[in-house]
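Subject: Structure handover

Hello,

Here is the structure for you to open. My notes on what turned up follow below it.

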Amino acid sequence: MLEVEDAAVALRLVAGDPATAVAFEKGVASLVAINVLCMAVTWYNQPAWVDLFAETTDWVFTLAFTAEMTVKLMGLGVKQYLADGWNVLDGSLVTSSLLD
């Protein structure tokens, strides 16, 4: 059976440590920018389809940011992940989004 530590090592070997890769960070930054744009399209007394769009994109981005957090946790390990203040902020936001 594959242990969690073995999975993290395998992830680093296969993906080239995506938690610190420039392309990975640029991809996440792009997701953040697109998420902000999607949140900005809502307005007072909006049609039902805009509500549906906002709810759907909220879940899609929550899942994407959860995946990002998971990859970073596996790639960096919990101790190194928590050593970076930005990761702590991201993790807090993702956790609160999942609880919402």
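Start where helix α5 begins: a side-chain oxygen of Asp-84 comes to within 3.0 Å of the backbone nitrogen of Trp-86. Helices here are DSSP runs (H or I, at least four residues), numbered from the N terminus.

Some ground rules. This is a predicted model, in which local features need pLDDT of at least 70 and side-chain atom pairs count only at pLDDT 80 or more, while totals for chains, interfaces and linings use all residues. Residues are numbered from 1 along each chain as its sequence is written, and side-chain values use heavy atoms, with hydrogens and water left out.

How confident is the model? The mean pLDDT (the predictor's confidence in each residue, from 0 to 100) is 85 for the protein chain, and 80% of its residues reach 70 or more. Where pLDDT is low, the coordinates should not be read in detail.

Back to α5. Its 15 residues reach 21 Å from first C-alpha to last, close to the 21 Å expected at 1.5 Å a residue; the expected span is 1.5 Å times one less than the number of residues. Asn-87, Gly-91 and Val-94 are buried in α5 (under 20% relative accessible area; exposed is over 50%, partly exposed in between; 1.4 Å probe, protein chains only). They cover an arc of only 65° around the axis, so they sit on the same side of α5. The arc is taken from the directions from the helix axis to the C-beta atoms. Gly-85, Trp-86 and Leu-99 are exposed on the other side. The buried residues of α5 pack against α3 and α4 (78-83), with contact meaning heavy atoms within 4.5 Å.

Next, charges. There are two salt bridges (a side-chain nitrogen of Lys or Arg within 4 Å of a carboxyl oxygen of Asp or Glu). Lys-72 pairs with Glu-25 at 3.3 Å, N to O. Lys-72 is in helix α3 (residues 48-76) and Glu-25 in helix α2 (residues 22-40), so this pair ties together parts 47 residues apart in sequence. Lys-72 also pairs with Glu-68, at 3.6 Å, N to O. Both Lys-72 and Glu-68 are buried.

Best wishes

Note on methods:
Helix = DSSP H or I, 4+ residues; strand = E, 2+ residues; numbered from the N terminus. Polar contact = N/O pair within 3.5 Å; in protein donor to acceptor, adjacent residues only side chain to side chain.
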